[in-house]
12 protein chains.
Amino acid sequence: MYGQDRIYKKVEVIGVSKDGIEAAIQAAVSKAHKTLDKLSWFEVGDIRGHVAEDGKVTEYQVVLKVAFQLKD
Amino acid sequence: MYGQDRIYKKVEVIGVSKDGIEAAIQAAVSKAHKTLDKLSWFEVGDIRGHVAEDGKVTEYQVVLKVAFQLKD
Amino acid sequence: MYGQDRIYKKVEVIGVSKDGIEAAIQAAVSKAHKTLDKLSWFEVGDIRGHVAEDGKVTEYQVVLKVAFQLKD
Amino acid sequence: MYGQDRIYKKVEVIGVSKDGIEAAIQAAVSKAHKTLDKLSWFEVGDIRGHVAEDGKVTEYQVVLKVAFQLKD
Amino acid sequence: MYGQDRIYKKVEVIGVSKDGIEAAIQAAVSKAHKTLDKLSWFEVGDIRGHVAEDGKVTEYQVVLKVAFQLKD
Amino acid sequence: MYGQDRIYKKVEVIGVSKDGIEAAIQAAVSKAHKTLDKLSWFEVGDIRGHVAEDGKVTEYQVVLKVAFQLKD
Amino acid sequence: MYGQDRIYKKVEVIGVSKDGIEAAIQAAVSKAHKTLDKLSWFEVGDIRGHVAEDGKVTEYQVVLKVAFQLKD
Amino acid sequence: MYGQDRIYKKVEVIGVSKDGIEAAIQAAVSKAHKTLDKLSWFEVGDIRGHVAEDGKVTEYQVVLKVAFQLKD
Amino acid sequence: MYGQDRIYKKVEVIGVSKDGIEAAIQAAVSKAHKTLDKLSWFEVGDIRGHVAEDGKVTEYQVVLKVAFQLKD
Amino acid sequence: MYGQDRIYKKVEVIGVSKDGIEAAIQAAVSKAHKTLDKLSWFEVGDIRGHVAEDGKVTEYQVVLKVAFQLKD
Amino acid sequence: MYGQDRIYKKVEVIGVSKDGIEAAIQAAVSKAHKTLDKLSWFEVGDIRGHVAEDGKVTEYQVVLKVAFQLKD
Amino acid sequence: MYGQDRIYKKVEVIGVSKDGIEAAIQAAVSKAHKTLDKLSWFEVGDIRGHVAEDGKVTEYQVVLKVAFQLKD
């Protein structure tokens with residue numbers, strides 16, 4: 001595909017999962033893939049999370065940019 | 001809501017108001033809330049403004065990211 | 001237009017062209033102008049590119065934010 | 001005081017107020033002044049906020065660093 | 001004016017006011033407008049402030065860049 | 001809780017674990033939760049690690065900020 | 001010249017040209033060279049531009065710092 | 001070893017693995033350890049990844065700097 | 001010590017000395033070591049200073065983060 | 001190639017050319033391609049340049065990272 | 001002086017000295033103090049230097065911003 | 001040399017010395033000059049250090065990039 005003029009769009013999403021960072025990424029990617037467009041790649045931004053009353057990390061929140069090609 | 005898998009989207013907008021920084025934020029939030037989706041929170045990026053011929057600040061331009069939950 | 005409340009939206013796109021940085025910018029701007037909305041300005045982010053087997057730069061990839069006014 | 005060896009400590013706090021950015025700053029400064037130590041200055045970091053169901057900004061959250069001198 | 005070759009200069013100033021962030025911006029803009037040149041716009045950098053003995057914010061210090069066109 | 005004036009404090013800690021990034025985060029969160037205060041959330045900063053003589057990653061070091069509400 | 005005490009000053013300017021990024025740089029450098037002082041080098045900051053009604057990039061705006069030696 | 005003059009070199013590599021972030025780190029560290037030199041530590045930079053046609057994350061790409069001591 | 005789970009805390013301080021940058025660092029480290037806890041390392045942030053009426057640098061102000069291990 | 005474990009190395013180079021930014025990029029890429037290894041892509045960092053006595057930009061200096069795959 | 005409206009200007013200079021970082025700072029501060037205006041403080045930006053043929057650091061180049069109050 | 005096409009390479013090293021920041025820089029520069037190539041200049045990145053049991057700074061660790069010209 002290299003050498004052909006084309007254009008991609010990047011959208012910023014936040015995936016949330018109690019199962020870890022990769023799970024939060026996959027959750028966001030799956031959802032964006034269905035809702036927005038077929039994704040090509042992602043880039044992780046901030047990683048944050050919530051802590052429960054007992055000191056357990058109950059969820060990971062991963063801010064990521066997902067990218068897809070704009071069709072003609 | 002913590003502990004449930006979910007996904008948010010962030011969109012970058014610029015609010016403009018002659019009445020100050022909070023007014024510019026509220027203007028952008030109100031408009032995005034109506035046009036894009038029901039917002040949950042915002043994050044301020046750059047703050048800029050325009051200066052008139054007489055040296056008065058005639059408007060504040062606030063770049064912000066607004067976030068909302070993507071529904072199933 | 002200064003002094004009137006209004007709101008802009010910024011979208012992140014990546015333009016790709018074998019002809020140089022300005023060509024990649026113009027490609028992305030033209031496409032976004034047609035697909036998304038009438039643009040007012042752009043801001044260049046990262047500049048990257050692909051290198052062919054023979055060491056030639058075969059394409060420039062320019063990440064940019066394009067901005068347009070949200071109408072009522 | 002310039003010219004004398006001394007040391008300051010900086011602490012990161014988040015002030016929250018429904019009344020605007022300066023109010024959130026003052027809330028954080030007042031509280032930190034009482035709880036931590038007598039402050040000398042502050043530096044604003046991120047500015048964020050919460051949006052209600054009806055699209056109104058219901059609170060401003062200002063991340064700031066507050067600084068105070070460590071006594072002997 | 002778009003489409004004509006021209007050049008702007010940016011100068012970094014710090015406005016100080018006890019009345020809030022917008023007041024500090026306006027103070028710096030007014031002064032720079034008189035002393036340096038007729039300004040076109042400003043961009044806010046850091047926001048800091050001084051805290052009095054009683055925990056009150058006694059002044060806001062806003063670092064901003066002001067821009068003006070260089071005439072021939 | 002939104003809409004009520006309140007203040008949070010953020011503290012920077014480094015969690016270390018041989019079991020991966022999430023384990024290092026949980027280790028730091030658990031410890032800070034006991035030693036400092038009941039945490040509400042965390043934000044990941046740098047991720048680093050140590051490499052053993054045989055080229056195995058023997059520990060992950062995650063710099064994070066943990067946040068908790070300052071009570072009256 | 002290396003090894004001699006000396007001092008340079010850097011000034012931030014914005015060059016604008018419809019002919020591309022290098023043209024905008026050269027425009028700013030030429031103007032600053034005449035108006036401010038004999039320049040030694042430049043450093044590119046942001047690259048932005050304006051888009052016309054028909055989706056054409058009508059001008060490139062390049063923010064750059066230009067540097068020159070302060071004479072005794 | 002503290003207190004002795006010495007020098008380290010840092011090299012930037014990208015590890016790729018379908019099995020997660022830690023796996024990508026370990027892959028890069030193992031390879032660099034063999035090819036370049038015996039590593040002492042690593043620092044994670046960007047985290048990116050590729051998305052397949054069906055919306056699955058098929059690989060994680062972790063940019064990291066690896067460091068090793070330069071021997072006499 | 002590598003391979004054992006443990007946690008460090010980082011605290012931001014500002015050391016001030018008329019004798020130079022290293023002196024300001026040592027001043028801050030000595031003070032923090034006594035007041036806060038036994039430090040393991042430091043990381044320099046901003047370096048600033050005050051200038052007297054006659055143009056002499058009368059003090060160096062070094063912002064640094066100091067780190068120490070949290071004991072059980 | 002996606003889905004296979006592999007590792008890339010990034011090297012920072014500075015290309016210099018009197019003919020513009022793309023020429024400086026191509027110069028650096030060609031040279032690095034011959035001297036270091038077969039490159040896959042590049043990422044532009046800083047763009048700087050030298051100004052002659054008569055105010056002409058006599059060369060563009062482009063800092064870029066070039067990347068290539070490490071073979072087994 | 002706190003509590004009074006006032007305005008400062010910041011100017012970016014580069015001090016060069018063969019005698020070390022503090023000497024380069026003092027050189028820049030002294031020169032700027034005479035040429036530009038009476039300075040109040042400085043902030044260090046980049047620190048660079050030149051290396052001679054024999055591997056000796058022959059000069060330190062310190063980029064700093066110097067600040068002074070604009071009088072009425 | 002200005003005006004001639006050429007290419008430089010930058011390498012990241014960490015110099016360590018108990019004698020201060022300039023000594024750590026010189027140590028790294030001397031070593032890199034011998035081991036890697038004849039250096040032209042250096043750029044300081046992070047400055048860190050180790051603290052002994054008694055609160056004394058026992059070594060300075062300076063991360064720097066060193067640059068040298070790639071010969072044909």
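Buried area is the accessible area, taken with a 1.4 Å probe, that two parts lose on being put together, summed over both. The model treated here is predicted: local features need pLDDT of at least 70, side-chain atom pairs count only at pLDDT 80 or more, and totals for chains, interfaces and linings use all residues. Residues are numbered from 1 along each chain as its sequence is written, chains are lettered from A in the order in which they are written, and side-chain values use heavy atoms, without hydrogens and water.

**Exercise 1.** Determine which rotation superposes chain H on chain A.

*Solution.* Superpose the copies by least squares on the C-alpha atoms of residues with pLDDT of at least 70 in both. A rotation of 120° with 0.0 Å of shift along its axis brings chain H onto chain A, at an RMSD of 0.0 Å. The two copies are therefore related as by a three-fold rotation axis. Within chain H, Ile21(H) has the C-alpha nearest the axis, 5.0 Å from it. The copies use different surfaces, since 12% of the contact residues of chain H recur in chain A.

**Exercise 2.** State how much area chain H and chain A bury between them, and which residues of chain H lose the most.

*Solution.* Begin with contacts (heavy atoms within 4.5 Å): 16 residues of chain H meet 14 residues of chain A. The two chains bury about 1200 Å², of which 55% lies on carbon and sulfur atoms. On the side of chain H, the greatest losses to chain A fall on Ile47(H), Arg48(H) and Val51(H), together 37% of what that side buries.

**Exercise 3.** Describe the polar and strand pairing between chain H and chain A.

*Solution.* First, count salt bridges, defined by a side-chain nitrogen of Lys or Arg within 4 Å of a carboxyl oxygen of Asp or Glu; there are 2 between chain H and chain A. One of the pairs joined by a salt bridge is Lys38(A) with Glu53(H), whose closest N and O atoms are 3.7 Å apart.

Next, take the elements, which are DSSP runs: helices (H or I, at least four residues) and strands (E, at least two), numbered from the N terminus. α1 (21-35), β2 (41-51) and β3 (57-69) of chain H each give two or more residues to the side that touches chain A. β2(H) gives the most, with 5 residues.

Finally, examine strand pairing, which requires at least two DSSP bridges. Strand β2 (residues 41-51) of chain A runs antiparallel to β2(H), and 3 bridges join them. Arg48(H) in β2(H) is the bridge partner of Glu43(A).

Technical notes:
Polar contact = N/O pair within 3.5 Å; in protein donor to acceptor, adjacent residues only side chain to side chain.
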